[in-house]
Amino acid sequence: MEMDALPCPPSYFFPSKGKAKKAFTRALRALVNGRNLFLHGMPGTGKDALVHAYSFYSRRPVVMVTFKPGTDLAPWFYVRSIGKEGTGYDYGHVWDALVNGIEDRKGNRRAPLMLLSDADRADSAQVEWFRILTDSISGRILDPHGKMVPLFRDPITGKTAQFACTANSVGSGDARGRMASANPMDASIMDRLGKKVQAEYMHWDDESRILKSLHPELVAQVDDDFWRGLGNCTASLRKAIKDGDI
């Protein structure tokens, strides 16, 4: 879990061509305008990378929650504690960020952007914490005593925490078996997740540009025919996966 502006992925740039440009322009506009976002699509389409880049360039503080089956999320919110004065609760980083905001470099407190990564991988126990998170989109969160606590309101934007949720499936699970850990998501949760955008693979001109910047030693040894061939192979493999052939 991260508690500051996220780093930008190496050699990242925003898609400039094709379907990916249209999809990520819609997603980026949602983030800039303060809307909640549900960004879904195949692995490798750059869903989390988009949010990382937005956080990096805007210096927006982010709380990143990655759903991994079996991980206990309770300590990130609150857990029972015992001290000299008796029993109580210890509050975790996610709760603190939602209720108290995150302190920036200038000492000002800001409402965070919540990045909920791989949301469709949440198991049955995590779904209940996921529900608490999405319920907080209304500006309040339920504390362990059953009391509704208001979320921190950003002094600059006047808004509470913003949510960006990523997933490999559209929320109905993956019947084709490509993402075996993807689970169907509760419809009542999906309704709260804001703008829905399907991520697309980058145009090969954009993708090869990233590859070339990451592997300059390879660029020095091959010609343009190599990159065209690699692009054709990549497109063929992705088509075969989409068609269910492999």
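## Overall picture

A residue is called buried when its relative accessible area is under 20%, exposed when it is over 50%, and partly exposed in between, with a 1.4 Å probe and protein chains only. Of the 246 residues of the chain, 42% count as buried. The model is predicted: local features need pLDDT of at least 70, side-chain atom pairs count only at pLDDT 80 or more, and totals for chains, interfaces and linings use all residues. Residues are numbered from 1 along each chain as its sequence is written, and side-chain values use heavy atoms, with hydrogens and water left out.

The chain has nine helices and 11 strands. These elements are DSSP runs numbered from the N terminus (helices: H or I, at least four residues; strands: E, at least two). The C-alpha trace spans about 70 × 45 × 30 Å along its principal axes. Contact means heavy atoms within 4.5 Å. Among contacts in the chain with a separation of 6 or more, 71% are made by residues 24 or more positions apart.

## Surface and charge

The chain carries 34 positive and 29 negative charges, and their mean positions are 7 Å apart. Lys and Arg count as positive and Asp and Glu as negative, while His and the chain ends are not counted. Each charge is placed at NZ of Lys, CZ of Arg, CG of Asp or CD of Glu.

## Nonpolar cores

A nonpolar core is a set of buried Ala, Val, Leu, Ile, Met, Phe, Trp, Tyr and Cys residues joined through side-chain atoms within 4.5 Å. The largest one has 33 residues, and Leu 98, Met 114, Leu 116 and Phe 130 have the most contacts inside it. At least two residues of this core come from each of strand 2 (62-66), helix 3 (74-77), helix 4 (93-100), strand 7 (113-117), helix 5 (124-135), strand 10 and helix 6. Helix 4 gives the largest share, five residues.

A second, separate core has 22 residues, including Phe 24, Leu 37, Leu 113 and Leu 115. Returning to Leu 116, its contacts beyond four places in sequence are Val 65, Phe 67, Phe 130, Leu 133, Phe 163, Ala 164, Cys 165 and Thr 166.

Ser 169 sits in the loop between strand 10 (162-167) and helix 6 (187-190). Ser 169 counts as buried because its relative accessibility is 5%. Apart from neighbours within four places in sequence, Ser 169 is in contact with Phe 38, His 40, Asp 120 and Ala 182. With Asp 120 there is a polar contact between the two side chains, at 2.7 Å. A polar contact is a pair of N or O atoms within 3.5 Å; within protein, one must be able to donate a hydrogen and the other to accept it, and residues adjacent in sequence count only if both atoms are side-chain atoms.

Asp 48 belongs to helix 2. Not counting residues up to four places away, Asp 48 touches Met 64, Leu 115, Ser 117 and Thr 166. The side chains of Asp 48 and Thr 166 make a polar contact at 2.7 Å. Asp 48 and Lys 159 are 111 residues apart in sequence, and their C-alpha atoms are 23 Å apart in space.

## Loops and the chain end

Arg 35 lies in the loop between helix 1 (18-32) and strand 1 (37-40). Its relative accessible area is 43%, so Arg 35 is partly exposed. Beyond four places in sequence, Arg 35 touches Ala 30, Gln 162, Phe 163 and Lys 195.

Arg 59 lies in the loop between helix 2 (47-58) and strand 2. Although Arg 59 is not a glycine, it has a positive phi of about 60 degrees. Arg 59 is partly exposed, at 39% relative accessibility. Asp 118, in the loop between strand 7 and helix 5, is a residue other than glycine with a positive phi, near 55 degrees.

Gly 244 is in the segment after helix 9 (224-242). Gly 244 counts as exposed because its relative accessibility is 56%. Gly 244 and Trp 227 are 17 residues apart along the chain, with their C-alpha atoms separated by 26 Å.
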